[in-house]
Every structure is written in structure tokens, then in C-alpha cells.
Amino acid sequence: MKNKNHFSKKTIGGLIALGIVYGDIGTSPLYVMNAIVSDAGGLKNADSTYIIGCLSLIFWTLMLITTVKYVLLAMQADNHHEGGIFSLYALVRNRAKWLILPALIGGAALLADGTLTPAVTVTSAIEGLKGEQIGIVRFGQSQWPVILTVTIILLFVFLFQRLGASSIGKLFGPLMLIWFSFIGIFGLINLFGHWEILKALSPIYGIQVLFSPDNKMGFFILGSIFLATTGAEALYSDMGHVGKANIYRTWPLVYLSLMLSYFGQGAWVISQNKNSIGEANPFYSMLPADWHAAAIIIATIAAIIASQALITGSFTLVSEAIGLKLLPRLKITYPGKIKSQSYIASVNWLLCLTTLIIVWLFQTSDHMEAAYGLAITVTMLMTTLLLHQFLMMNEHRLLASVFVIFFGFLEGVFLISSLIKFVHGGYLTLLITLVILMVMIFWHFGNEIRRSYTADSQYLSLKEATPKLQQLSDDNSLPLYATNLIYMNRVKDNYQIKRHVLYSIFDERPKRAKVYWFFTVNQTDYPYGASYTVDMLGTRNIVDVQLYLGFKKSQHITRYLRRIVNDLIEADVIDRQVPRYSTIPGRQVGDFRFVLLNQRVQDLNFLPNIKRLDKFLISGRLFLQRITASQPAWYGLEFSEFVEETVPLFISESSRIDLIRTETKNQDQGS
């Protein structure tokens with residue numbers, strides 16, 4: 001019975017992996033061979049030498065990049081079972097400051113190139129309707145019905161996100177198993193009679209086709225070959241959702257199904273080469289006519305699953321970037337019961353808008369394929385740099401050197417070959433990459449530069465202010481401002497706290513409270529870690545809380561505050577606060593009021609000691625703070641009592657302001 005249950009868990013885990021991990025790479029047979037045939041100038045030019053060579057390139061690309069680099073090597077770089085470029089960066093960031101650059105560039109490119117995935121997969125699936133008759137409905141060759149259908153499907157997919165995907169997600173695994181079985185079986189059927197295709201298993205044919213006169217694209221054919229492995233980065237990112245063991249178990253099946261489909265399509269293309277009378281997508285064309293309707297339905301479902309995986313993966317990627325302080329705060333909700341299942345409305349609708357623009361701009365899958373994959377090669381190169389540092393960190397110096405040279409060269413070749421995509425629409429994903437990258441640069445480096453210019457005099461000692469805080473708390477001549485007064489401001493080493501926090505308490509209007517709380521939220525490298533320490537500063541009513549949260553944990557403070565307060569009361573560290581009036585029987589905690597301090601910049605033009613670029617980055621950072629999620633939304637305080645106060649951002653000045661006092665009015669300037 002125990003072995004049976006163990007087998008059952010493995011089966012379920014494998015099905016979940018099929019549904020979550022392989023949507024992107026699993027739907028590539030819909031368009032990869034079509035792109036390769038288009039590069040040859042159509043079926044009439046795609047002879048056996050060309051097709052076998054291209055299939056060899058696909059086989060070894062999947063073997064080297066997806067299998068060796070990601071499945072065998074990258075998945076060893078798990079950050080407490082989490083994967084992806086930001087989790088990898090969190091592992092190695094202490095090795096060198098410059099590692100922030102590949103993390104930013106790779107993350108931005110991954111988010112940008114993902115906007116093409118829903119568009120190209122769903123469009124490729126729906127294009128199978130062209131020229132088909134389903135029931136009494138006859139579809140013509142016009143592209144407009146395809147565009148409208150794709151738009152409706154994608155709108156429903158994006159609308160669905162706010163409800164969460166936990167229930168329908170359970171169906172993804174069995175549906176993707178049907179998909180992989182379908183493409184594998186029909187690929188195998190088409191292989192019969194064309195076993196010469198198996199010569200593609202030798203890398204010699206792949207190398208030969210790069211220099212063959214039959215290959216009109218020459219070296220740039222690799223841009224289309226690369227489409228077969230675009231989902232490899234997503235495979236690594238989704239490791240935390242399904243576990244590496246389930247990926248190890250399922251990847252051989254997926255790899256086999258993909259190659260059978262590619263080989264079957266290749267066999268069909270070779271059989272049509274001499275007597276082709278038109279153009280067709282090899283994926284649908286190799287199927288018996290009676291199976292076309294079923295194939296379109298199955299392919300559309302697989303494309304929707306791939307789109308769903310991409311969208312939820314984008315939420316995860318953005319959440320990680322926010323946790324690592326690489327992106328501005330955005331409001332994150334958790335519609336499901338799974339801790340890793342998040343929803344970010346702003347990301348969802350920006351992604352929706354961009355994807356629909358791509359659908360209407362490019363219109364056909366051929367045009368989308370021509371633009372797809374450029375940015376993801378950049379991400380893979382950046383991951384290679386970070387993995388090199390991971391291997392070095394673990395004392396695998398020889399392996400690290402071989403790894404970075406081999407995969408750096410291989411992915412560099414793919415990047416160069418993909419540059420032709422720039423003029424065919426790749427400029428759009430690179431433009432999106434630059435926009436996302438600029439936001440990250442403003443947010444990260446703007447904050448770093450701001451800190452470097454902040455005057456040390458803006459910090460005071462909380463320890464030295466403790467007697468005055470206790471005196472204020474005991475001053476019954478002042479009205480009670482709050483039972484518990486909470487400031488969300490960092491307390492640094494040696495109890496250093498920003499001057500404007502104590503200014504808010506003592507100067508603007510003395511804020512008398514029974515207990516003063518100072519919350520510092522520290523981000524850790526452990527994705528889902530949550531712990532805290534408390535320093536009472538020798539009192540019973542001044543609390544320095546250091547909260548340590550993983551970069552994937554929600555920062556809704558109220559979730560943790562209740563637990564901390566109850567822990568301290570039970571430990572008799574703070575006094576019970578039994579309210580006089582309450583609807584909750586046995587309540588021992590009084591009211592809470594949060595004070596949130598918003599910084600506003602001075603006119604930086606009057607500060608000559610700040611470099612022009614630094615002013616630009618600081619201003620950009622503060623602008624992003626104003627237009628993104630507010631502190632109440634980020635800390636989950638919408639239903640709590642809070643006060644927002646505006647304080648200036650003080651920048652240290654290296655020189656005195658030149659100002660002369662005169663005795664009379666209206667004197668000439670410079671007198």
C-alpha cells in the first residue's frame with residue numbers, strides 16, 4: 001500500500017509538472033517547422049538535406065541548452081527549491097556588485113519576450129481553421145476571423161486571472177499529457193517510410209546545413225531553430241512550483257514527444273517537396289483530414305495553457321523583483337490558496353494590452369515567428385553569467401570555466417543569428433525590454449544614489465530618544481493619540497533611525513501613545529522565510545521589531561503584527577491593553593495607528609554637488625514611488641487606521657548657498 005501511494009504521488013506530481021512547466025516549449029511544434037520551411041522559401045525548396053540538417057540543429061539545441069544547461073545544471077542552483085533568474089541572482093549577489101546588471105537585463109528581457117508567447121501560440125493554433133469545414137461552417141483563407149478569434153480567447157484568458165487558476169490548474173496536467181501523446185503519436189506515424197530522418201540525430205548534418213547552398217538563410221537559420229527551446233528559461237523558473245524531481249521524471253517524455261513531432265513534420269515536408277502546390281503549416285498538414293478539427297481543439301487548449309503559464313510566470317517574476325527591490329511596489333493579491341499563486345492587476349492588463357497590440361500589429365503567426373526569440377537569447381546569456389558565478393561559489397572552478405566559455409559562445413551565436421529578427425519585429429520586444437530595464441534602473445540605482453547623498457546628520461539614535469519617548473507616553477496632560485503607534489521605518493545598526501521619524505513624534509504634534517512600535521522589514525534570500533526579532537530597549541513600551549521576510553512573501557504587515565503582539569503579551573514583555581469598549585470577548589489588545597512618512601524631493605537643481613545623472617535617477621525613483629502602489633496598499637493597511645505625513649528628502653550639500661544681505665531695496669544684481 002505504501003509503494004502504491006508513493007507511485008500515486010509521483011504520478012500526480014508528474015501530471016502537475018506537465019501542466020505548469022512545459023506550456024511554452026511544448027507548443028513550439030505549432031510554429032517551429034513552419035518557420036524553417038518559410039526560411040527555405042516554401043515547401044518546394046525544402047529538400048531532404050535541408051530538413052534533416054535543421055532537425056539535427058533542433059535535436060542538439062534541445063539537448064545542449066534545455067537538457068544539459070537547464071535541466072542538469074541550472075536546476076542545481078535552486079534557492080531553497082526555487083528557480084529562475086531572480087532566485088539565482090539572490091544566491092550569488094554577494095559575490096560582486098556588478099551581478100545586478102545581468103539580473104536586471106535578463107529579467108527585463110524575459111518579461112518582454114513573454115508578451116509574444118500568448119500571441120504566437122494561440123494564433124498558430126487558430127490558424128489551423130483556415131480552409132477547414134467544421135459542421136456547416138466553412139472557414140476561408142481570410143486572416144480576420146483568426147485575429148478576432150485570437151483576441152476573444154486572449155481577453156478571456158486575461159479576464160480569468162483575477163479569479164485564480166487553482167481549480168482549472170488541476171486539469172492542465174491531463175490535458176497536456178493528451179497534447180504530448182497526440183503530437184508524439186502522429187509524428188511517429190508520419191515517420192514510417194522516411195526513416196532517413198533519423199540521420200538528424202548526428203550533429204554532423206546540423207553543422208553541414210549551416211554552410212549548405214540549400215540553406216538560403218545561412219547562419220541566420222539559427223534564429224528559427226532557437227524557437228524550439230524558448231521555454232527552457234520558464235522551465236527553470238517553474239521549478240519551485242513542481243519540484244525538480246518531477247521535472248527530471250517528465251522531461252524525457254516531453255523531449256521524446258517533441259522530437260517525434262518535429263521528425264514527423266520533417267518527414268511530411270520531404271514527402272511534399274517535389275510536388276508541392278501551395279504553402280501549409282506542416283503541423284496540421286501532416287494529420288489525416290478527419291483529425292484536423294480535433295487537432296485544432298487540442299492545440300488551442302495547449303496554447304491557452306501555455307499562455308496561462310506565461311502570465312502566472314510573469315506575476316511570479318515581478319513579485320520576486322519587487323521582493324528584491326528591483327521593481328517598484330505594485331499591489332499584489334492572492335486569489336488562490338497556494339502561497340505562490342499571486343495576481344498583479346497592473347501587470348496583467350499591461351501584458352494583455354501589449355499582447356493584443358502584437359496580435360493586431362503582426363496579424364499572422366509567420367510575422368510573429370519572425371520577431372520571436374530575440375530578447376530571450378539575451379536572458380539566456382545573462383543566466384549563463386550568473387550560473388558561472390554559482391559554480392565558482394561552489395568551488396567548481398574548472399566546470400565554471402568550461403560552462404561559461406561553451407554556453408557563452410553557443411548562446412552568443414544564437415543571439416547574433418537572431419539579430420535579423422530586429423527588422424522583422426524584434427525591435428518591439430527590445431523596446432519593451434528597454435522600458436522595463438529603465439524602470440528597474442531608476443528604482444534600484446536611484447535608491448542607491450539617493451542613499452549615498454543622504455546626510456548622515458539625518459539619523460538620530462532611538463536609544464538616546466528612549467527616555468523622552470517614555471516621558472511623552474506618561475504625560476497625561478496630552479490626549480492619547482493611539483494605544484499602539486506604529487512607524488514603518490528602518491532602524492539601522494546602533495539604533496540609528498531617520499530624524500524625520502522622531503520629528504513626527506515630538507515636533508509636528510506630540511503623539512502620545514502607550515506603546516511605540518518601530519517596524520523594520522528586511523528582505524532575505526530565503527523565498528518564503530518569515531521570522532522576527534524584538535528589542536524592547538530596556539522598556540515595556542518601546543518596541544524595535546526586525547521582521548525578516550523572504551522575497552516571495554507578502555509584506556502585508558497586519559498579517560504578522562497580530563501574531564507578534566499576542567506573542568509579546570503572552571511572554572509578558574508588554575502590558576495587556578484591555579479596551580474599555582469592544583465587541584470581541586476577551587480582547588487584550590488596544591487600537592493601532594500607523595504613521596506613514598512620504599518623502600518629497602527638494603529642488604535638486606539648487607544642489608550643485610549632485611551630478612546631473614544622479615539627479616535624473618533620484619527624480620525618476622521618486623516619480624515611480626508616486627505612481628505605483630502606495631504604502632497603505634503595499635503594507636495591507638487599507639482597512640487599518642493610518643496617517644500619511646509628507647516629509648522632505650534631505651540631500652547633503654557640500655557648499656554654502658551664496659546669499660548677501662543688503663541695506664536698501666531694489667539694488668542691482670551683483671552689487
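**View 1. S531 and its partner across a pair of strands.** In this predicted model, where local features need pLDDT of at least 70, side-chain atom pairs count only at pLDDT 80 or more, and totals for chains, interfaces and linings use all residues, S531 has Y548 in β8 as its bridge partner. Residues are numbered from 1 along each chain as its sequence is written, and side-chain values use heavy atoms, with hydrogens and water left out. Strands β7 (residues 530–535) and β8 (residues 542–550) run antiparallel and are joined by 6 bridges. Two strands count as a pair if DSSP finds at least two bridges between them. Strands (E, at least two residues) and helices (H or I, at least four) are DSSP runs, numbered from the N terminus. The hairpin of β7 and β8 has 6 residues between its strands, and L537 there takes a positive phi near 55°.

**View 2. Strand β4 and its neighbour.** Look at β4 (residues 480–487): 7 of its 8 residues are buried, meaning under 20% relative accessible area, while exposed is over 50% and partly exposed is in between (1.4 Å probe, protein chains only). With β6 (residues 512–524), β4 pairs in the parallel sense over 6 bridges. Here N484 stands opposite V515 in β6.

**View 3. A positive patch.** K325, R451, R490 and K492 gather in a patch of positive charge on the surface. Patch members have over 30% relative accessible area and no salt bridge; like charges are joined within 9 Å, nonpolar side chains (Val, Leu, Ile, Met, Phe, Trp, Tyr) within 5 Å. A salt bridge is a side-chain nitrogen of Lys or Arg within 4 Å of a carboxyl oxygen of Asp or Glu. Lys and Arg count as positive, and Asp and Glu as negative; His and the chain ends are not counted. Each charge is placed at NZ of Lys, CZ of Arg, CG of Asp or CD of Glu. You'll find K492 in the loop between β4 and β5 (496–498), and K325 in the loop between α16 (292–323) and α17. K325 also has a positive phi of about 60°, although it isn't a glycine.

View 4. Accessible areas come from the Shrake-Rupley method with a 1.4 Å probe; for residues, only the protein chains shown count as cover. Helix α17 (residues 345–362) gives the largest share, 3 residues.
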